[in-house]
Every structure is written in C-alpha cells, then in structure tokens.
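I opened this entry to record what I looked up, item by item.

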Amino acid sequence: MKKFVKKIDKPIDVAQLADDILAGSRIALAKGITLLESQRNQDHELAQTLLQTVLPKSGQSLRIGITGVPGAGKSTFIETFGKMLCDEGHRVAVLAIDPTSSRSGGSILGDKTRMEQLVKEPNAFVRPSPTSGTLGGVHKKSRETMLLCEAAGFDIVLIETVGVGQSETTVRGMTDFFLLLTLTGAGDELQGMKKGIMELADAIVVHKADGPNEAFAKKTVAEYKQILHFIQPATEGWTPRALPVSSYKRTGLEDVWSMIQEFQQMTNESGRFAARRASQQREWFQNSVTDELVRRFFSDGTKKQKMKELEKQVADSKLTIEQALAKLFTS
C-alpha cells in the first residue's frame with residue numbers, strides 16, 4: 001500500500017528573505033510576494049515583519065498606472081514600453097492585476113504568458129496578481145507588493161488594471177502617473193467611455209497607430225486634445241496630453257517616456273509629487289483599517305458559523321437582512 005506523507009512546510013527565515021530581496025533577487029522577491037498574498041493566519045505576521053524590514057528602502061520608484069479600453073493592447077504596450085526602459089538601464093516591475101475565475105477561484109495569469117519577451121529580460125519582473133474578488137479588481141496586497149518591488153531595486157513600477165471600472169480609481173490612488181490607452185476613432189470610443197475615467201488620466205495614448213490606422217490615429221489625437229481642454233485635470237498644474245503610439249513599429253514610446261519624465265520633474269518642483277504620495281499613504285491606512293476589521297471578523301470561527309446560519313434564514317425569508325445583521329453583531 002502506498003503511503004502518503006504529509007509535507008511539512010519549511011520555516012521561513014524572514015531576515016534572510018529580506019536580505020535577498022534587498023540584494024535584488026527576483027526569486028526572493030517572488031517568494032516575498034507569495035508570502036504577502038497568503039491567506040494563512042500564520043503567514044500574516046511574517047509578511048508584515050518582512051515588509052517592515054524592507055520598508056526604509058521602498059518608495060524610490062516612479063509608479064505608473066495603465067488602463068485601457070478592450071482591445072487597446074495594454075499588454076503589448078507594457079511589454080514594448082518596459083523593454084525600452086530596460087534598454088535604457090532602468091529596472092522595471094510590472095504588476096498585472098489578473099482576473100480571478102468566478103467558478104474555480106483561480107487566476108488566469110494570462111499577462112505573464114503574453115509578455116514573453118519582457119519576462120526574459122533580466123532587469124524586469126512581471127507578477128500577475130489575482131483579483132481574488134476584491135473591489136475594483138485590484139488585489140488587496142498590490143500596494144505592499146509594489147513596496148517589495150521598490151525595495152528590490154526596481155525604479156519603475158507599471159501597474160496594469162483589468163479595466164472593470166472601479167479598478168481605475170483604485171490604481172489612480174496608488175500611482176504617480178496614470179495612463180489611458182485607447183484606439184482610433186475618439187468619437188466612437190467616447191460613447192462607451194466614462195467621463196470619470198478620462199478625468200483620472202494624466203495622458204491618453206492612442207495605440208496601434210500604424211498601417212491604415214496611422215492617419216486615423218493622428219486625427220483621434222487631435223480630437224482628444226480638444227476634449228481634454230474641457231476636463232478637470234487629474235493633477236493640478238498639469239495639462240493632460242494625447243499621443244499616438246505604435247508598439248508594433250516602436251514609435252511614440254520615447255515621446256511617452258519624455259512626457260512622464262517632464263511630469264515627474266514638474267510635480268517634484270511644485271511639491272505635488274510628495275503631497276500626492278502622502279495623501280495616498282493616508283488613504284491606504286484608512287482602507288487598511290477596514291481590511292483588518294474584516295480579516296479579524298472572518299478569522300473568528302464562531303462568527304463564521306453564525307453567519308452561515310443567518311444566511312440560510314435570510315435566504316428562507318425568515319429574517320430581514322437588518323435583523324440578521326443585528327443578531328450577527330450582538331451575539
């Protein structure tokens with residue numbers, strides 16, 4: 001008879017893991033992020049110890065959020081743009097927020113597959129993070145993951161959203177510069193695009209500006225420039241811009257990077273860069289209070305069992321939701 005031996009997890013040496021991350025090890029960084037994303041209660045304290053250890057070395061990167069309409073080619077743009085930055089001597093981390101299957105609960109991890117060339121780049125790190133059902137499609141540990149990447153020496157962090165509406169607001173709240181990718185035909189695009197998303201953008205890239213689309217892309221850029229004059233800027237003192245880009249022909253990418261560098265210089269000189277970071281930290285703390293309350297609540301086995309019982313009574317129309325809540329929080 002075949003014997004099954006239970007695998008015993010090897011204790012995590014947090015101090016060594018932190019040292020390896022600070023030394024720039026991508027393997028250690030991946031292990032650290034896995035620890036942060038762990039749902040096990042015993043890993044929670046270890047993850048926070050790791051984060052606290054490397055925290056002084058974080059915060060030195062430029063954080064760029066990227067979203068786009070369906071079919072805009074976000075992954076293609078990120079791969080091409082990321083490789084260009086690596087070629088210029090930068091170390092680039094890509095956090096691709098990956099959709100979680102509503103049936104299996106597993107993540108698709110498609111972005112890592114699509115960015116085959118960038119994954120091979122020694123100065124790049126690509127990490128798909130499952131949404132895990134969190135509001136807006138952004139993994140609740142994405143901010144902490146970003147800090148680990150910065151501690152590992154990555155000076156540019158690109159965060160791609162799944163493009164589900166609320167995720168744009170969430171990513172805008174954790175990045176310095178927010179880029180919106182769209183396609184040719186501004187009028188048609190705007191019909192299906194929320195004005196609120198455009199108000200979050202520091203720049204709009206009209207992507208796939210090549211071949212037959214090149215002339216249309218230039219026309220679309222001109223239309224966006226007119227529209228942007230009537231929209232409240234996401235960053236005070238900065239006028240959002242529109243640029244044509246072709247990842248296929250590798251044109252316009254340098255213009256995007258020059259624009260982002262100009263933005264960084266302007267906001268640094270005006271003090272808005274530091275002010276936005278401070279505001280984001282305060283918002284993160286406030287959101288984390290809610291997260292911690294939820295975590296502590298669901299770590300209580302008695303509460304979880306009580307909740308199941310009340311769910312059944314609500315489903316059977318024996319209790320109103322307000323009555324169930326009262327019983328849950330007073331028991």
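**Loop residues with positive phi**

I began with Arg250, which is exposed because its relative accessible area is 55%; exposed means over 50%, buried under 20% and partly exposed in between, with a 1.4 Å probe and protein chains only. The model is predicted, so I kept in mind that local features need pLDDT of at least 70, that side-chain atom pairs count only at pLDDT 80 or more, and that totals for chains, interfaces and linings use all residues. Residues are numbered from 1 along each chain as its sequence is written, and side-chain values use heavy atoms, with hydrogens and water left out.

I placed Arg250 in the loop between strand S7 (241–244) and H12. Helices (H or I, at least four residues) and strands (E, at least two) are DSSP runs numbered from the N terminus. Arg250 is not a glycine, yet its phi is positive, about 60°. Most residues other than glycine have a negative phi.

I noted Ser317 next, another non-glycine residue with a positive phi, near 60°. Ser317 sits in the loop between helix H14 (301–315) and helix H15 (321–330). With a relative accessible area of 65%, Ser317 is exposed.

**Chain totals**

I counted 15 helices and 7 strands in the chain. Of its 331 residues, 45% are buried. Among contacts (heavy atoms within 4.5 Å) with a separation of 6 or more, 75% are between residues 24 or more positions apart.

**Cysteines**

I looked for disulfides, taken as pairs of cysteine sulfur atoms within 2.5 Å, and the count is 0. Cys86 is buried at 5% relative accessibility. Cys149 is also buried, at 0%.

Two packed helices are described by the angle between their axes and the distance between the axes. The axes are lines fitted to C-alpha atoms, for helices over the stretch in contact, and angles run from 0 to 180 degrees between N-to-C directions.

I found helix H1 (residues 14–22) packed on helix H2 (residues 26–37) at about 130°, with axes 8 Å apart. That angle makes H1 oblique to H2; under 35 degrees is roughly parallel, over 145 roughly antiparallel, 65 to 115 roughly perpendicular and the rest oblique. On the H1 side, Leu17, Asp20 and Ile21 meet Ala28, Leu29, Lys31, Gly32 and Leu35 of H2. I sorted these contact residues into 5 nonpolar, 1 polar and 2 charged; Ala, Val, Leu, Ile, Met, Phe, Trp, Tyr, Cys and Pro count as nonpolar, Asp, Glu, Lys and Arg as charged, and the others, Gly among them, as polar.

For H1 and helix H3 (residues 41–54) I noted an angle of about 45° and axes 10 Å apart. H1 and H3 are therefore oblique to each other. Val14, Leu17, Ala18, Ile21 and Leu22 of H1 touch Leu46, Thr49, Leu50, Thr53 and Val54 of H3. This contact has 8 nonpolar, 2 polar and no charged residues.

**H4 with H12**

I recorded about 70° between helix H4 (residues 74–87) and helix H12 (residues 253–270), with axes 10 Å apart. The two helices, H4 and H12, are therefore roughly perpendicular. H4 contributes Phe77, Thr80, Phe81, Met84 and Leu85, and H12 contributes Leu253, Glu254, Val256, Trp257 and Ile260. By class I have 8 nonpolar, 1 polar and 1 charged residue in the contact of H4 with H12.

I ended on Ser270, which is found in H12. Ser270 is partly exposed at 36% relative accessibility. From Ser270 to Gly237 the C-alpha to C-alpha distance is 8.7 Å, across 33 residues in sequence.
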